[in-house]
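Hi,

Here is the structure I said I would pass on. Have a look first, and my notes follow below.

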Amino acid sequence: MKILIVSDIHANLPALQAVLDKDRDCNNLIFLGDVVDYGPNPKECVKFIRENADYFVRGNHDNALGYDVDCNCIGTFREYSIATREWHKTLLDASDIHFLRNMPTTVSFQLDNPESLRDGYEDASFYMAHASPQGDMFKYLNQNEIAGELEGIIAEYILVGHTHVQYKKKLDYGMVVNPGSVGLARDGGQACSAVYEDGEIHLKRIDYDVKKTISDLMKSPLPQNVKDDLKKVLLHK
Ligand SMILES: [Fe+2]
């Protein structure tokens, strides 16, 4: 049993394609929120998640676009997200918006896989949220702070995104995993993901065609300063 875990795609299709190409043999796809804002391909990325994600949760940017509210982002990223959101709204249709609005904020699921059992692996339990496991999709929690947000949550794998920083952290019981960001990593210029395979979590960092993302961004109607700043973030400069 192999599960691809992705988060924070942020409308970056070349990054998403690179992540998918790397692990084409996964049985399931998990998405931890933030499919829109920042990048040039919201329509394609929302369509992909709608059609392919087995389990998904809503991120603060999905929430902001879906409900036309603030994303509560930090610093200049708030300005970039407001600018890109106005553009993205023009590219999505009513059913996309309906989808974003109705993404759940937390999800639990259990693997029930005869193949895993045959191989000697027990069923694994998973819990997903965008930011805080308690369901607050805005809180920025590093890997040392997340343990304070686990009251009442029992799962072997607690999956979160939001910070765009990849890690896995063992707990007394289970593990917290943040796959990092597919489309706008803050800890390097690659596309990030995680793969669960028979009781192991593998963190991945994958080169992708960032020039294609940047060239599509440059053709957009965004203000020039936003395009230039997002280019620097994409290139990790
Ligand atoms: Fe995000």
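To start with the contacts: among those in the protein with a separation of 6 or more, 67% are between residues 24 or more positions apart. Keep in mind that this is a predicted model.

On the overall build, I get eight helices and ten strands. The radius of gyration is 17 Å, close to the 18 Å that the globule rule gives for 237 residues, so the protein is as compact as a globular protein of that length. Along the principal axes, the C-alpha atoms fill a box of roughly 55 × 35 × 35 Å.

Now the inside. Of the 237 residues, 43% count as buried. The largest nonpolar core has 61 residues, and Ile5 and Leu159 are the ones with the most contacts inside it. In soluble globular proteins, nonpolar side chains tend to be buried together.

Ile5 is worth a click. What does Ile5 touch once its neighbours within four places in sequence are left aside? Leu159 is one of its contacts, along with Ile30, Val177 and Pro179, and then there is the run of Ser193, Ala194, Val195 and Tyr196.

I also looked at helix α2, residues 42-52. Its buried residues are Pro42, Cys45, Val46 and Ile49. These cover an arc of only 100 degrees around the axis, which means they sit on the same side of α2. And what covers them? The cover includes the helices α1 (13-22), α4 (76-91) and α5 (94-102), plus the strands β2 (28-31) and β3 (55-56).

Cheers

Notes: Residues are numbered from 1 along each chain as its sequence is written. This is a predicted model: local features need pLDDT of at least 70, side-chain atom pairs count only at pLDDT 80 or more; totals for chains, interfaces and linings use all residues. A residue is buried if 20 or more other C-beta atoms lie within 10 Å of its own, exposed if 12 or fewer, and partly exposed in between; C-beta atoms are placed from the backbone. Helices (H or I, at least four residues) and strands (E, at least two) are DSSP runs, numbered from the N terminus. The arc is that of the directions from the helix axis to the C-beta atoms. Two residues are in contact if their C-beta atoms, placed from the backbone, lie within 7 Å. The radius of gyration is taken over C-alpha atoms; the globule rule is 2.2 Å times the number of residues to the power 0.38. A nonpolar core is a set of buried Ala, Val, Leu, Ile, Met, Phe, Trp, Tyr and Cys residues joined through C-beta atoms within 7 Å.
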